[in-house]
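Let's take a friendly walk through this structure, one chain at a time.

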Amino acid sequence: MTDAPASVQVNGLVKRYDEAVALDGVSLAVEPGELFGVIGPDGAGKSTLFRILVTVILPDAGAASVDGLDVVDDYLEIRRRVGYMPGRFSLYPDLTVRENLEFFASVFGTSVEAEYDVIAPIYSQIEPFDDRRAGALSGGMKQKLALSCALVHRPRVLILDEPTTGVDAVSRAEFWDMLGELKRGGLTTLVSTPYMDEAARCDRIALLQTGRLLRAPDTPEAVARSFRAPLVRVRATGERAALLGTLRALDGVARAEVFGEWVHVTGAGEDAGALALRMQRALEGQGWSEVVAEPVAPSVEDVFMALMSDPDPTAEVNHG
Amino acid sequence: MADRGPTIPREEAAVWAQDLTRTFGSFIAVDHITFAVAQGEVFGFLGANGAGKTTAIKMLTGLLAPSGGTAHTAGYDVAEQPDEVKRRIGYMSQRFALYDDLTVKENVRFYGGVYGLTDRQIAERMAAMLARLGFERMARERVGRLPLGWKQKLDFSVALLHEPEVVFLDEPTGGVDPVTRRQFWELIYAAAQGGTTVFVTTHYMDEAEYCDRVSIMVAGTIAALGTPAELKAQFAAASIDEVFLRLARPVEEAASS
Amino acid sequence: MSAFRSFVVKETRHILRDRQTLAVLLLMPVAMVLLFGYAIRTDVEDVRVLVVDAARDARSTDLTRALASTHALRLVGVVGGVPQVEPALRAGEADVALLLPSDFARRFARGTAEVLIVSDGANANYAATAESYVRTVVQQWAAQNGGGAPVVRTATRMRFNPTLASQNLFVPGLLAFVLTLVSALMTAISIAKEKETGTMEVLLVSPLRPLQIVVGKVAPYLGLAFVNALTALGVAFVVFGVPVRGSLTLLLVASLVYVLVSLALGVLISSRAPDQRTAMMAALLGLLLPTLALSGFIFPIASMPGWLQPVPNVVPATWYILVVRGIMLKGVGLAVLWKEIAVLCAMAVVLLAAGARSFNDRIE
């Protein structure tokens, strides 16, 4: 890591709601200019973490800073410097594109004209629809408008809570392209998603589950590589439910999980090639046809599942 | 396309459509779609927002009369016998059908009643269902207090309570962790193994990879149909997501420029 | 554009573009004035009677005793002179006065006795009922003491509402209702809506202070409330000829104070309600229902059960209605209404402070 101060620094954050623990000691650091992903299912604590960072809720324990400012003591200054899109953010449907944008600009004491260069790469795509009401925009265009509104005051850090949830595949792809473009402009972005396949679009990712990081944040490639056990993917003609049952009953199979059209089989104590060969023979021996069993590179999702049952103890290390 | 029938004969198909069309004024929402879903198949019905997916499903479930063409679901003509169709299908929407302020048991009893099951049938199926899900201890818990993943599993099981021939699922596994998500898919596979046809609609392409076959709707027509492996090979793509982007992106761009 | 101005512009757009709600809000005062004007009806208990006994003889004392022992009536005093009647009615110390002439006993014996009932016509329904109660008691007493012949003629004179239009009475209550609806219910819903769509969270994460956000949001509703108030007054005047006898300026100032009270209540509700539905239910049950039922608008406070009677004191509409009745129907000013206006002002200060405090810098 570089010597430059982190854009977002989180140390041992804890947040409880009555008996439920939303965040249970989370630590991470986001470097300036980084596109950082927090990946985890609903209820993992993503929104709680982001709301603490944008200073709308207070942590019960731990500390956090954004752009070098403490989230509790310097909250007013942080609010000037972050651009934030909450999870269910939906703009004002009865206002036009331009009216929405102008309103959010004025809230931050600026104007669309003054900040045009910042929002231009995204806003120019929806500018032809300036007079259309936001409620009448397609999902993808709504996203662009929301992002323009979050950028209109030149934030130093962009914090986006599940921006791609409920958005169709084309718009999702476009949204990630836009984030990539902003990153090239040097903007620090912290984004959350429940979708494991979006991990690859981030510089580094943190895996969050029930308020804890499953492992220390790292690049998606490094996270995937950290899967140590032999992994094989298997396919055969026939009922998948039966195939899963067969595989789970075989010797040396730690787990067998459906993975799209494949079943991922995790072994133990042998290399992936040997495991693949064993699976191939065992299935064919039991009468399965068109069996394919081959070693496969682990994905972030494989790692997430493995860590859910067996979290990495190094996850609690502070980065600072 | 219009002269060729679906690949599966009508008598053997769970869902069967030929030249199914729906217009709203001059707008053609669904434009002569022809396809069939085999019994016991897990079929993914994909499409971007506004591609005509919702309209097609409304027709296939007997909620909306077609403007042209024919469709049969669970062996009945959706235009002529929509009530027979509705009796033989289950539906799990993205918004949960379960009542948060009722307990698990009360919900199951209510939906059993809705589908005209006898008290005995309800009791038997509820016991079997709770055992299968491992929910026995949660039977008296209010549904609103269950975690998201549990609710999804329960909702799916309730949609199967009246033993429908076809069950329609709308974006079934959004937002849950990968382990829970797989438990859900295993429930789907178990239902399919038992002969229930599962018709999944989603705009989340990762989900599509879990289906036996998928169709991709673009601008009112079915632009691609096949197993995930076939489609990926056909479009030389690494994922269904890529296949979808190839098909849907040019249309989206044309629409917004 | 300043943040405040752009807030007002944005909020006004929301109001103007929601055509259905706007139509309801603009037409409702008209519809309600017409509806209430033709349909209102009230019952009375505990009528306060002032007796002006110029005779001071056995007969008059006996009649006074008969009045005092009647269940629905309460004797608030016996005075000797007519000049004391009007101040007592104006100050609201008595609802009705019975005037007995100095030669009452002599004329009663001859069968030519005449008594006068004066009631506070500002409250027309109440006045009519109160007057009929007193008349009945007088007639019964006369029948018991004079052998049953109808020897008593009662003449009634309404003092402050000469037209005796019962419609006059409900206009103040209606004004309170309309202002509560627009200021409290509509602002509560509009703020809760921003919470629902997530925009409130974005506004919170901005340099704006919560108070600025709230003031910016409620300001346009203040204007809308005044349009509504003037509409209601206008329709009442044109259709039913209900006049504003006192100072219109004082009426509008009092209305402004009442609108501030209602806005503050709306803000308090929305600060706790997570969504529009909850905000609406809370405003309907917590504000509009008391404004209708516990303010003396529809049910006179005097006819409420004893345990309920203190409750109207904490309902802002009670005080506002007293002020408006005083100004509109009696034509009195600050000299008489200072107490009620002071109560409203105190409520405004306390609730505005609470409303401002309820809007946290943070979500929780």
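Which domains does the domain assignment give for chain B? Domain 1 takes in 1–78 + 166–172 + 196–257, and domain 2 covers 89–163, with bounds that come from an automatic or database domain assignment. This is a predicted model, in which local features need pLDDT of at least 70, side-chain atom pairs count only at pLDDT 80 or more, and totals for chains, interfaces and linings use all residues. Residues are numbered from 1 along each chain as its sequence is written, while chains are lettered from A and ligands numbered from 1 in the order in which they are written.

In chain B, the C-alpha centres of domain 1 and domain 2 are 28 Å apart. Eleven residues of domain 1 of chain B are in contact with ten of domain 2 of chain B (C-beta atoms, placed from the backbone, within 7 Å). On the domain 1 side, strand S7 (residues 166–170) of chain B gives the most, with five residues; strands are DSSP runs of E, at least two residues, and helices are runs of H or I, at least four, numbered from the N terminus.

Now turn to chain A. Seven of the eight residues of helix H1 (residues 46–53) of chain A are buried, so this helix is largely enclosed by the rest of the structure (buried means 20 or more other C-beta atoms, placed from the backbone, within 10 Å of a residue's own). Among the buried residues are Leu49(A), Phe50(A) and Ile52(A). After H1(A) comes Thr55(A), with a positive phi near 70°.

How values were computed
A residue is buried if 20 or more other C-beta atoms lie within 10 Å of its own, exposed if 12 or fewer, and partly exposed in between; C-beta atoms are placed from the backbone. Two residues are in contact if their C-beta atoms, placed from the backbone, lie within 7 Å.
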